[in-house]
Structure formats: C-alpha cells, structure tokens
2 protein chains.
Amino acid sequence: MKRTTNQRKAIRDVFSQTDRPLSTEEVHAAAQRHLPRIGIATVYRTLKLLLGEGWLTAVRLPGEPPRYELAGKPHHHHFHCRACGRVYEVPGNAELLDSILPAGFTLDSHDLMLCGRCAQCSGRPG
Amino acid sequence: MKRTTNQRKAIRDVFSQTDRPLSTEEVHAAAQRHLPRIGIATVYRTLKLLLGEGWLTAVRLPGEPPRYELAGKPHHHHFHCRACGRVYEVPGNAELLDSILPAGFTLDSHDLMLCGRCAQCSGRPG
DNA sequence: ACCATAATGATAATGAACAGCCATTGCCTT
DNA sequence: AAGGCAATGGCTGTTCATTATCATTATGGT
C-alpha cells in the first residue's frame, strides 16, 4: 500500500516550485529546507517512485548524475551551465532532425544539450 | 621522454581505420587483434595521452563511458544504437540552434545525440 | 650493443552513484 | 486509538569505470 508521507509531499513540492531539472542532491537540499531530517536514501527512493509512476522524467547528461523534471512538458531542450552546473530549459523546435538520418536507421528519441554559461554566470569571471 | 611503442601504434591504427567513436573496451578489443597481450590499463593510459595531445576528442554520452574519435573532423552529430550500443556519426547542420537561446546566455558548445536503432539492428527483434 | 628509464600488464585500490539492510517512526484502516 | 506494516534514516555493501602500484619489459640516445 502506498502512503502519503511528509517526505514525499516535500519532494513533489520541490518539483512543483521549480522550472528546471534538479539533481538528486539539489532535491535533497531543497527538501531539507522544509524537512531537515530527510535522508538521501529517501530522496533516491522517492525519485525512483515518481519516475515509475510517470510523474517525473530523467534528464540524463554526459558524465553527470541525471537530473529530474516534471513529465509531460512541451518539447524543449536543455542548457547546461558549466559555471554553476545548473541545467535550464530552452524552447525546442522538434522537426530539425528528420532529414539527417542515414538510410536504415530508426530514430526513437533525441537529446540536444547546449553547454555554456547561464545569464546569471555570464557576467562573472571563471 | 615519450616513446613510440607497438601498443601506441596499434591504438592509433585502430582509430585511423574506423569511422565511428569507440569506447575503451572497443579500442581494447580491436587492438588485441594485433597485440593479443595488450592490457586495458595501457589502453586507458594511451587514450588519455592521445586526448592530451589533441589527436583524439571525447564523445561523452549520458549514463555510459565516453567514446573517442579522431579530432578535427568536420561538424557532425552522433547516433547511439540502443540495441548494439555502438555510436555512429551523422552529418550535421550546425545552424539549427542560433535562435533558441534565451537572453543573457552564452553558448560554448552543443551536442546533439540521436537515439534509436542502427541499420544493422533495425531488422532484428529486441 | 648498452643501459637508464619510459612503458607495459596484472591486479589491487579508488571514487562516485546508488541499492540493501534493519531498527525505528508514523500513516492509515478499522 | 491502536496496531499492522509501509516508509524512513543512517549506515554499509555493491557495482562499475578508471587509476595506482609495482615488478618486468623494451625503447632510444649514447
């Protein structure tokens, strides 16, 4: 039987109140602001749970642990800031890639990851 | 002093004779065809060396170890076959993303990863 | 050819992300 | 309100890619 706990509510709230994909650690830190004793194991378990019920989707990026965001959003791409490490959403045109696929290949999905500095970090040194 | 060994020559040959990014294991297997006693540690060391001198570039993909390819190739994207795990090159139109960047963001690089089944695996079950 | 030493290869050690364990907590049905 | 049991939290264990270690091999300047 699935139960509604304060920890799970807190983690759902974190995602409802943000507009960018969050890593496990970011979720943990954000949830701890409301539930200081929440453990990292619970965050891992709850993220897996929310993935399983299709409430979250994973945003996987190379060489880093996955981020998670609310499922069902309109098509968009992601921008990874190499200064602060945060991942942002950017609007996406989805029809760009139909023509470039070699013969015989079957396309399931695609992922466009942009890399640079976000507005907040563009003005800073480093 | 840097020495030219048979192992390093073999690894360079592997990349000169292929047209898709190779994982460490793929490089090891290919090099072993000519040098059966080559160790995986040497492959790791040599890949790092060739990266350092700019002869190779890394192709990083989410949740998997990086692939490597010859540096200096014309702009292209990558296709990851979810059946056989191989990564292929696909021709790239580079001007796809000029318009979609939010104000204040600085773009350093981008990476378009396509995911599906390659020509070889498209006909097979699974 | 000689030999200092760079490079190799087998294996142990590391590091990071995540899962398992288990005593304790607290949700929810009755 | 009470207790069965799902869920939690602190921890250890696992997994996997990669790196360190070290005795041995082999390259290249002399």
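B:Arg20 counts as buried because its relative accessibility is 17%; buried means under 20% relative accessible area, exposed over 50%, and partly exposed in between, with a 1.4 Å probe and protein chains only. This is a predicted model, in which local features need pLDDT of at least 70 and side-chain atom pairs count only at pLDDT 80 or more, while totals for chains, interfaces and linings use all residues. Residues are numbered from 1 along each chain as its sequence is written, chains are lettered from A and ligands numbered from 1 in the order in which they are written, and side-chain values use heavy atoms, leaving out hydrogens and water.

Which residues does B:Arg20 contact, leaving aside neighbours within four places in sequence? They are B:Glu26, B:Tyr68, B:Arg86, B:Val87 and B:Tyr88, where contact means heavy atoms within 4.5 Å. The side chains of B:Arg20 and B:Glu26 are joined by a polar contact of 3.3 Å. A polar contact is a pair of N or O atoms within 3.5 Å; within protein, one must be able to donate a hydrogen and the other to accept it, and residues adjacent in sequence count only if both atoms are side-chain atoms.

I turn now to DNA strand C. A polar side-chain atom of A:Lys48 lies 2.9 Å from a phosphate oxygen of DNA strand C.
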